[in-house]
Amino acid sequence: MLVSGTTEEGYIHRNYHAPHAKRGSLGNFSSFAYISDNEIEWENRDLITNKRAQAITIHGSSAHHKKIKDDFLFLYELDSFKGLKFLSIPVDFLPLIRWEHEAIRLMHLHINDPINGDLWKLFKEKRLPQFPSSVFQKLITLELPCPPKGWPGFNIKNFPALKWFATELEEFDRSGLTLKSISESPSIVGYGLFDPKGQDVLTHIPVNIESLGIWRATAKKFNFYRIGSFEKLKHLQLMGFPTVFDIHWIANLPNLEELEIRSFRGIMNAQLLLNMKKLRHLKIDFISDKSYLSSEDKATLCNKIKYCSLD
């Protein structure tokens, strides 16, 4: 591993995907609950007890709700958490919260897999719980475990300040048509796509966005070349693909400042990275074929770029 510059998370992670976390630590303002079949493990539980948590994350799993519901009674009293800004909860916890109050102050809302039931079955049978219909005046990021198509109560117009929208596509929406309606929001400057499968998914996203994260795309069913059309793109994160990534697809992006490429089989034409003038953050790791650049080229990149970490 060749690293130069001060270690830092990229813009997408730091501001959108995990804006509640300090670099490498939970700091003094987060509280996490990890749920297993038999128990709940909290970090910084005192922040819940004392109602001081600014960020609360509860991960859904196969646990039975009847075993753990008493541990989450505090969700009925979120009004008491005066500094709360970030909330990530299982989809089946939506009915527990008084959204008319939280919509006024939340800056980040991330919904994840349910504790009770199978998400795909809930989606397919149209049994998702009512999405809060309040207007989220300050919300910057919204992440969903499935597309909002058919989700009762969901309206993209209820998020006037939204900058980042992320969703799981996979079998829920192979074509990515959901993104077309989301793109009607003029405030969104970044998208996160989990498990996109369709060739034309990126055609439903405005080309003037600044940030894009793509996780676990299937190469034969996904058009990476389309990324080259996003000329205003500043931040690009690509992770978890069973293919070889060709730098040709992004080499001509004139404004790209941050690039993360992780968990690919290999990289082609990586020498083109040397010509990208605005690149100041580069992270490449978990690449199966580590011969994508010579040792000399890697050293040159790391001398040129403010933060550089190469596998």
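Predicted model: local features only at pLDDT ≥ 70, side-chain atom pairs only at ≥ 80, totals over all residues.
A disulfide is a pair of cysteine sulfur atoms within 2.5 Å. With that cut-off, a search of the whole structure finds zero disulfides. Cys302 counts as buried because its relative accessibility is 7%, and buried means under 20%. Cys308 is buried too, with a relative accessible area of 0%.

**Aromatic rings**

Let us turn to the rings. How many aromatic pairs does a search of the whole structure find? The count is 26 aromatic pairs. A pair of aromatic rings is described by the distance of the centres and the angle of the planes. Take Trp42 and Phe72: their ring centres are 6.0 Å apart and their planes stand at 50°, so this pair is tilted. Trp42 belongs to strand β3 (residues 40-43), while Phe72 sits in the loop between α3 (65-68) and β5 (86-90), so the pair ties together parts that are 30 residues apart in sequence. Phe74 and Phe81 make another tilted pair, with ring centres 6.0 Å apart and planes at 50°.

| Residue | Relative accessibility | Class |
|---|---|---|
| Trp42 | 15% | buried |
| Phe72 | 1% | buried |
| Phe74 | 10% | buried |
| Phe81 | 0% | buried |

Elsewhere in the chain, one aromatic cluster is formed by Trp99, Phe131, Phe136, Trp151, Phe154 and Phe159. There is also a contact between a charge and a ring: Lys298 lies over the face of Tyr292, at 4.7 Å from the ring centre.

Rolling a probe the size of a water molecule over the atoms shows where empty space is left. The largest cavity holds about 50 Å³ of space.

Which residues line the largest cavity? Gly10, Tyr11 and Ile12 are among them, together with His235, Leu236 and Gln237. The lining also includes Glu258, Leu259, Glu260 and His281. Three elements, α1 (11-17), β11 (235-239) and β13 (258-262), each supply at least two residues of this lining. By class, the lining of the largest cavity has four nonpolar, four polar and two charged residues.

Technical notes:
Residues numbered from 1 in each chain as written. Heavy atoms only, no water. Phe/Tyr/Trp six-rings, centres within 6.5 Å; stacked < 30°, edge-to-face > 60°. Helix = DSSP H or I, 4+ residues; strand = E, 2+ residues; numbered from the N terminus. Buried < 20%, exposed > 50% of the residue type's maximum accessible area, 1.4 Å probe, protein only. Lys NZ or Arg CZ within 6 Å of the ring centre and 35° of its normal. 1 Å grid on protein atoms, 1.4 Å probe; cavity = no way out; pocket = protein on both sides within 12 Å on 5 of 7 lines; lining within 4 Å. Points joined across faces, edges and corners; volume = space filled by probe spheres on them. Nonpolar A, V, L, I, M, F, W, Y, C, P; charged D, E, K, R; others polar.
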